[in-house]
2 protein chains.
Amino acid sequence: MSDLSTKIVSAEVVDLRVPTSDQLLGSDPFHKEPDYSSAVLHLETDSGLRGVSVVFTVGAGTDWICYGIQDLCQLVVGISLEEFASDPLRLYRRLIDHHQLRWLHDGVFRMAAGGVLNAMWDLWAKSEEKPLWKLLVDLEPEFIADCIDWRNIRDALTRDEAITILRSKQDGLPQREVAMRDRGPKAYCTAGWLGLSDEEILKTIQKLQQQGFDSFKLKVGRDSQQDVSRIRFMREAIGDHCNLMVDANQYWGLNEAKDHIEKYRPFDLKWIEEPIARDDVLGYVELADTFADASFGFACGEQAASPVIFKQLLKSGAIKYCQIDAVRVAGVNDVIAIILMAAKYDVPVCPHGGGIALCNMIQHYGMWDQIAVAGHSETQLIEYIDFLQTAVQHPVSINEGSYVAPTAHGWGLEFLPEFVQRHQFPDGEVWKDRDPAKKGSAYEAPID
Amino acid sequence: MSDLSTKIVSAEVVDLRVPTSDQLLGSDPFHKEPDYSSAVLHLETDSGLRGVSVVFTVGAGTDWICYGIQDLCQLVVGISLEEFASDPLRLYRRLIDHHQLRWLHDGVFRMAAGGVLNAMWDLWAKSEEKPLWKLLVDLEPEFIADCIDWRNIRDALTRDEAITILRSKQDGLPQREVAMRDRGPKAYCTAGWLGLSDEEILKTIQKLQQQGFDSFKLKVGRDSQQDVSRIRFMREAIGDHCNLMVDANQYWGLNEAKDHIEKYRPFDLKWIEEPIARDDVLGYVELADTFADASFGFACGEQAASPVIFKQLLKSGAIKYCQIDAVRVAGVNDVIAIILMAAKYDVPVCPHGGGIALCNMIQHYGMWDQIAVAGHSETQLIEYIDFLQTAVQHPVSINEGSYVAPTAHGWGLEFLPEFVQRHQFPDGEVWKDRDPAKKGSAYEAPID
């Protein structure tokens with residue numbers, strides 16, 4: 001069924017932006033008016049199959065990622081799927097270790113490389129007529145291990161250890177796959193957005209509980225007293241049997257974080273998410289020590305820029321929940337390395353969702369982790385935000401608080417064509433007649 | 001003399017590339033064929049003064065930085081110098097904490113923001129008719145402290161501590177300034193480039209010793225046995241009284257690093273530079289523990305992507321030499337924060353030079369540090385590479401092993417116009433008729 005001789009013939013990158021700032025959807029103390037956006041990559045082939053990937057952003061700057069992806073696509077247009085699928089690490093290295101481009105580091109460069117790699121993985125899974133998670137589940141442990149760049153992480157996990165982990169989960173794997181096709185990874189939701197009133201939160205919780213959710217998150221950060229009242233309110237609203245988590249979106253410095261979090265001890269919280277800067281590993285180690293006897297552990301990763309940062313957070317025991325993002329690091333090759341490290345250190349993989357299409361992607365990692373790596377579903381929670389799903393051909397959905405296992409081939413990331421057309425920046429219908437001050441917000445009056 | 005009402009009227013960004021790969025200048029195991037390059041920013045004003053900055057890169061990808069700088073310049077065209085100079089942190093925050101662009105993180109985004117900020121600092125220093133170091137030396141401690149974003153670093157250094165450090169160095173400051181105008185920061189050189197023969201290295205050392213250098217660096221990494229012979233050879237060539245340092249350019253994983261470095265113990269090395277990944281803080285902590293009783297300390301920073309990484313390396317005592325780069329983080333605002341943290345933890349600031357124009361910039365930081373922050377010149381060494389200086393109007397120079405204190409206003413970064421014209425990528429004379437395979441190297445045949 002799979003035709004690996006397929007060649008990439010062209011690459012198209014779309015700067016897709018949704019003016020979500022109009023409703024302040026997804027805002028937090030740092031991202032005050034996000035316009036949920038994506039650099040969308042379409043790799044066209046001579047067989048008609050199309051590799052698709054999405055790099056999520058929050059508005060201005062999407063064009064930077066598009067620019068980078070377009071540049072990197074010079075390295076894939078012309079290659080065959082066979083060249084990629086026989087050795088995915090080769091393309092990874094060609095991008096990430098490109099002897100000149102590597103100077104550009106993480107951030108835009110690593111995200112753009114991830115966009116290219118993810119589109120190639122998408123194409124491969126489509127050619128195998130499998131969802132991405134199933135492609136991963138079916139790959140041999142040695143092959144998976146050889147997709148990973150071990151140079152900077154093997155002090156935490158060796159290639160052999162990774163293979164041993166994967167081999168040890170082969171027992172019972174078919175049964176877990178059947179079970180998870182029936183009921184996908186367990187999900188959780190944010191019910192306590194900053195802008196909502198108590199009543200609105202109550203309504204949200206009730207709606208979510210009716211859908212089978214028992215794990216809820218609350219945004220905190222700016223005002224300690226308000227936050228504590230909100231936590232108390234949420235705890236009372238959901239009852240003692242439900243999980244409650246809080247998310248500070250890196251708002252605090254280390255000492256502030258300690259002061260705030262100290263007051264959170266009474267509420268049986270499950271995790272504190274992103275209390276401090278994304279790259280402050282020693283800060284996380286100190287927080288973990290300080291609150292070693294608390295009910296909660298620390299969670300982060302959605303903005304961790306490289307597998308090396310994850311390595312340190314996992315190996316040190318600083319985080320108890322590993323929040324991979326699908327598009328911040330360099331695609332499948334980086335993320336599977338992180339999931340394997342998390343398995344070794346027995347840290348549940350609880351991916352970051354939301355934005356545009358992130359949930360559509362992370363559900364595959366959840367499936368692979370729970371079927372083939374962790375090999376269980378006892379401790380993981382996967383973020384779920386029912387947002388912008390009307391824009392895609394294969395929306396994510398929830399049944400009794402768990403993801404419905406994805407069945408579309410590849411990532412299942414196809415947008416509806418008219419949605420793309422309307423939201424192209426800056427010429428799509430949604431943007432072209434818009435007040436320049438509302439266009440991507442890099443274009444405000446100089447200095448506030 | 002200074003006219004702060006000057007307004008920025010336009011921004012021009014030049015993609016400047018020098019085909020240094022033809023001679024394999026500056027190559028290391030990762031950057032096999034670097035084409036030393038720069039995103040050069042010219043901020044033009046209505047007074048005729050021009051703010052200049054340079055973001056160094058190694059070839060392909062310079063255009064990514066140019067793209068970013070051009071986008072960010074929308075936030076400075078139209079503002080007055082007064083708006084910047086009255087509160088430089090305001091523009092820093094407007095760039096780095098832009099509520100949408102901040103999603104882009106470090107790497108391209110932070111480097112581009114640094115390019116914009118450094119050009120504004122350049123303009124300010126020029127309007128004051130001072131070299132950049134002198135502008136910094138003359139600023140009040142409180143003002144310096146208020147140029148810094150404290151959110152994520154104040155657990156290592158508070159605003160008050162920074163002011164105390166600066167105040168405590170006011171005594172004797174004028175004398176140090178006079179002394180350093182006479183003899184700038186002490187310099188060191190790499191004599192042991194990977195490609196050189198023993199004889200070539202000997203010649204290089206002799207030449208450098210005649211110029212007054214007593215501190216030499218050697219590239220290592222790939223072959224332990226060869227490296228050890230080279231170190232022995234260098235040590236014998238320079239004698240016991242000279243400093244010898246080695247640089248692995250992040251080539252090793254943590255365990256490999258330990259194996260290699262163990263063999264370096266007998267040679268009285270001063271530092272081991274970049275043994276492991278740029279963001280592996282806990283790896284550095286472990287190396288520092290493992291080699292606590294060795295002659296050498298660890299050095300890194302030239303690729304550390306943020307002040308938060310520096311904070312951890314300094315606060316933990318993991319590095320004994322703080323190698324700031326002039327263009328990797330967000331300009332003067334970030335670098336002065338790092339220099340102040342280094343002062344608190346008593347770690348000498350030994351900036352990374354070379355590339356295009358890095359030495360021209362770091363000499364200013366060396367001057368400021370040694371006059372006004374560390375307040376002495378006993379432990380610092382500043383990298384010096386005599387390279388591409390014929391391209392600039394104010395070349396760096398060395399006298400008796402020390403930098404000659406810079407006197408040009410601002411950074412003194414002006415390139416000769418014909419050099420810029422010839423090296424513009426891809427249309428300058430040097431590039432336009434070049435074999436596409438030799439053009440920036442993103443454009444090689446797909447997959448090696």
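This is a predicted model: local features need pLDDT of at least 70, side-chain atom pairs count only at pLDDT 80 or more; totals for chains, interfaces and linings use all residues.
Chain A averages a pLDDT of 95, and 97% of its residues score at least 70. For the complex, the predictor gives an ipTM of 0.96 and a pTM of 0.97.

Now, how do the two chains sit relative to each other? If you rotate chain B by 180°, with 0.0 Å of shift along the axis, it superposes on chain A with an RMSD of 0.0 Å. That is the relation of a two-fold axis. And both copies use the same surface, in that 98% of the contact residues of chain B recur in chain A. If you'd like to find the axis on your screen, look for B:Gly107, because its C-alpha, at 2.7 Å, comes closest to the rotation axis among the residues of chain B.

Let's look at the contact itself. On one side we have 61 residues of chain B, and they're in contact with 60 residues of chain A. Which helices of chain B give two or more residues to that side? They are α1 (62-72), α3 (88-96), α4 (108-127), α11 (254-262), α12 (281-290) and α13 (307-315). The one that gives the most is α1(B), with four residues. And what kind of residues does chain B put there? By class, 26 are nonpolar, 19 polar and 16 charged.

Let's stay with α1(B) for a moment. Of its 11 residues, 10 are buried, so the helix is largely enclosed by the rest of the structure. Among those buried residues are B:Trp64, B:Ile65, B:Tyr67 and B:Leu72, and B:Asp63 and B:Asp71 are buried there too.

Then there's α12(B). Its buried residues are B:Val281, B:Leu282, B:Gly283, B:Tyr284, B:Val285 and B:Leu287. What covers them? The cover includes α12 (281-290) and α13 (307-315) of chain A, together with α11, β8 (297-300) and α13 of chain B.

In chain B you'll find an open sheet of seven strands with parallel pairing, in the order β9-β8-β7-β6-β5-β4-β10. Why do β9 (321-322) and β10 (382-383) stand at the edges? Each has a single partner strand, so one side of each is left without a neighbour in the sheet. Further in, five bridges join β5 (residues 215-219) to β6 (residues 243-247) of chain B, and these two run parallel. There, B:Lys217 stands opposite B:Met245 in β6(B).

Hop over to chain A and have a look at β4, residues 187-192. Is that strand covered or open? Mostly covered: six of its six residues are buried. β4(A) pairs with β10 (residues 382-383) of chain A, parallel, over two bridges, and the bridge partner of A:Ala187 in β10(A) is A:Ile382. β4(A) also pairs with β5 (residues 215-219) of chain A, again in the parallel sense, over three bridges. In that pairing, A:Cys189 stands opposite A:Phe216.

B:Lys186 is in the loop between α8 (173-182) and β4 (187-192). Buried or exposed? It has 23 C-beta neighbours inside 10 Å, so B:Lys186 counts as buried. Leaving aside neighbours within four places in sequence, B:Lys186 is in contact with B:Ser377, B:Gln380, B:Leu381, B:Ile382, B:Gly401 and B:Ser402.

The other one is B:Ile163, in helix α7 (residues 159-168) of chain B. B:Ile163 has 18 other C-beta atoms within 10 Å, so it's partly exposed. Not counting residues up to four places away in sequence, B:Ile163 touches B:Pro141, B:Glu142 and B:Ala145. And how far is B:Ile163 from B:Leu340, 177 residues apart in sequence? In space, C-alpha to C-alpha, these two are 9.4 Å apart.

Methods. Residues are numbered from 1 along each chain as its sequence is written. Chains are lettered from A and ligands numbered from 1 in the order in which they are written. pLDDT is the predictor's confidence in each residue, from 0 to 100. A residue is buried if 20 or more other C-beta atoms lie within 10 Å of its own, exposed if 12 or fewer, and partly exposed in between; C-beta atoms are placed from the backbone. Two strands pair if DSSP finds at least two bridges between them. Copies are superposed by least squares on the C-alpha atoms of residues with pLDDT of at least 70 in both. Two residues are in contact if their C-beta atoms, placed from the backbone, lie within 7 Å. Ala, Val, Leu, Ile, Met, Phe, Trp, Tyr, Cys and Pro count as nonpolar, Asp, Glu, Lys and Arg as charged, and the others, Gly among them, as polar.
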